[in-house]
Amino acid sequence: MATERVDNLAGERRKAEFDVEAMKIVWAGSKHDLDVSDRIARLVASDPVFGKDTRTTLDRKELFKNTLRKVAHAWKQINELRLTEEEASRLRFYIDQPAYVDLHWGMFLPAIKGQGTEEQQAKWLPLAYKMQIIGCYAQTELGHGSNVQGLETTATFDPQTDEFIIHSPTLTSSKWWPGGLGKVSTHAVVYARLIVDGKDYGVNGFIVQLRSLDDHSPLPGITVGDIGMKFGNGAYNSMDNGVLTFDNVRIPRDQMLMRVAKVTREGKYVPSDVPRQILYGTMVYVRQGIVSDASIALSRAVTIATRYSAVRRQFGSQNGGPETKVIDYKTQQSRLFPLLATAYAYRFVSEWLSSLYTDVTQRLQANDFSVLPEAHACTAGLKSLTTSITADGIEECRKLCGGHGYLCSSGLPELFAVYVPTCTYEGDNVVLQLQTVAQLGSGEPLVGTTAYMGRAEHLLQCKSSVQNPEDWLNPDVVLEAFESRAFRMSVDCAKNLAKFSKPKEGFSELSADLVEAAIAHCQLIVVSKFIDKLKQDIPGAGVKQQLEILCSIYALHLLHKHAGEFLSTGSLTSKQVALANDILRSLYSKLRPNAIALVDSFNYTDHFLGSVLGRYDGNVYPKLYEEAWKDPLNETVVPEGYHEFVRPILKQHLRMARL
């Protein structure tokens, strides 16, 4: 039986109609990126310290201590092997465990880079890069998250001592959720309301030391701890998300991040020439990383579900022959293949966001801040779109694996539990979509992702040219349909908003419609960037053809899912929508022979996937059986508690109270 299952996936791989190695390069971004990722992934997989087989069975203290051990070992490896910054980042990624260093590298350092002066960067960044201090990002409070302007923590300037007094005036002002804060971080970038001479100047960042560098005890006036267990086995419970309160904690004036504004020794608030929009730069960096992570998380889930779907057989047996592979059922394909296409789509839009961030950074260095609002808006919207769809997609992949997908050994429950917080951290997804649509109607110049709105007359009057199913394989036809839908939804929102005498009232009343318009705009961005990818020189036999199929599946599945919007806006007719569904079914059949090769192109090791169902060799059932016997409950044949609680029931020895 084991041999049969292995042959199933080997046979699947022989069906591939494209150069898999070339597709691996396309997914990785370049041959260099592929080589680095491949080498570091295998380094991690071969190191027993980074093993994660028992992670879901550890209690909270053991799990956290194991995380500390892995981080220390990783830091030792980074230094001993003299890994580059790129390689070190890959190493932390492939360890695949939420840890206190995530916020240190991902938020603490970028905040100082983006908001600190050159002098502050020169002081703090070397310490952070050497991990002589460990930082976190303390913004969210018990009572406020997405509404940053509503934060309650205060930073009051004392001109007598040239210090800021950081204080938590209410219970709800307690900092809540920052990763690394609970037990490890020595420092934090703390966001607080700046109070100078009784005047509130809004929220600003401050570098605050939390713990002694000698014995790690909290400094005077600081109360700090862990907020408790989170959703799922293992998952984010390896992270010490924390609670923090301040009781009139004093810090030097120069620990206020002063790139945007500063407070002088005399107690004067002085804005700099740099606009506050510079803060968007850090957000763009973080959110483009989140979009990239979405493509990775979704591709992991899809790999597991696709490989297992090619192993699992159910029904369809005739004359004693083998049952049908579930991947051959159209119901399975219509749920699975759009997620596979979406993983590729998100990968390519994340590549574009990375180049956008590079462009933004170069412009900022030249004091050009013109693209920041649009970059902020599109990254906010894409963060929201990709994380919501990915979270739902991981859960769909679990369902596609049937009952076995519910086992921790499938890798899917923990992947879901680790991923779903992304929908709320770094901005609640609904709030972010409203930020996106606010930018669409801001009156700013129509550039970048909003440039299509400059063709207002055409998009309001155009009729789709689709007359047969094959017309939907034309990228220009697809793009125009998505542009028309997004633009007309925005126009409809604008018309409805104009009916309100008070804009804020209209914005509030129509917020659900505005979110739908923002989603349509963001889906257009993803479709357009996938189409742009197809226009590039793509080497490798058959690779471009597979990407064209994936692009069509991604776009036409969205069209099918949101058919009501295409119809209600007049962008398409019901006949054209029906033709899109016809070609979509045929595309699933074209993708089917290449499904296993396409997920192989993600180039994930079995260690990284952490899934019995998604094993490269397809040897699922013996390994599922083997994993079952590793559970702690199977350490004894007779369970603990049997003699105390079960035997008395069986032997009728329970004493009954007499009434």
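A search of the whole structure finds 0 disulfides, a disulfide being a pair of cysteine sulfur atoms within 2.5 Å. This is a predicted model, in which local features need pLDDT of at least 70, side-chain atom pairs count only at pLDDT 80 or more, and totals for chains, interfaces and linings use all residues. Residues are numbered from 1 along each chain as its sequence is written, and side-chain values use heavy atoms, with hydrogens and water left out.

Take Cys423. Cys423 is in no disulfide; the nearest cysteine sulfur belongs to Cys522, 14 Å away. Cys423 counts as buried, at 17% relative accessibility. Buried means under 20% relative accessible area, exposed over 50%, and partly exposed in between (1.4 Å probe, protein chains only).

Cys522 is also in no disulfide; for Cys522 the nearest cysteine sulfur is that of Cys378, 7.9 Å away. Cys522 has 0% relative accessibility, so Cys522 counts as buried.

Now the domains. The chain splits into domain 1 (107-274) and domain 2 (279-601), with bounds from an automatic or database domain assignment. Their centres, taken over C-alpha atoms, lie 36 Å apart. Contact (heavy atoms within 4.5 Å) links 14 residues of domain 1 with 17 residues of domain 2.

The two domains bury about 1200 Å² between them, and carbon and sulfur atoms give 73% of this. Buried area is the accessible area (1.4 Å probe) that two parts lose on being put together, summed over both. Ser146, Phe231 and Tyr236 supply 37% of the area that domain 1 buries against domain 2, more than any other three residues.

Between domain 1 and domain 2 there are 0 salt bridges. A salt bridge needs a side-chain nitrogen of Lys or Arg within 4 Å of a carboxyl oxygen of Asp or Glu.
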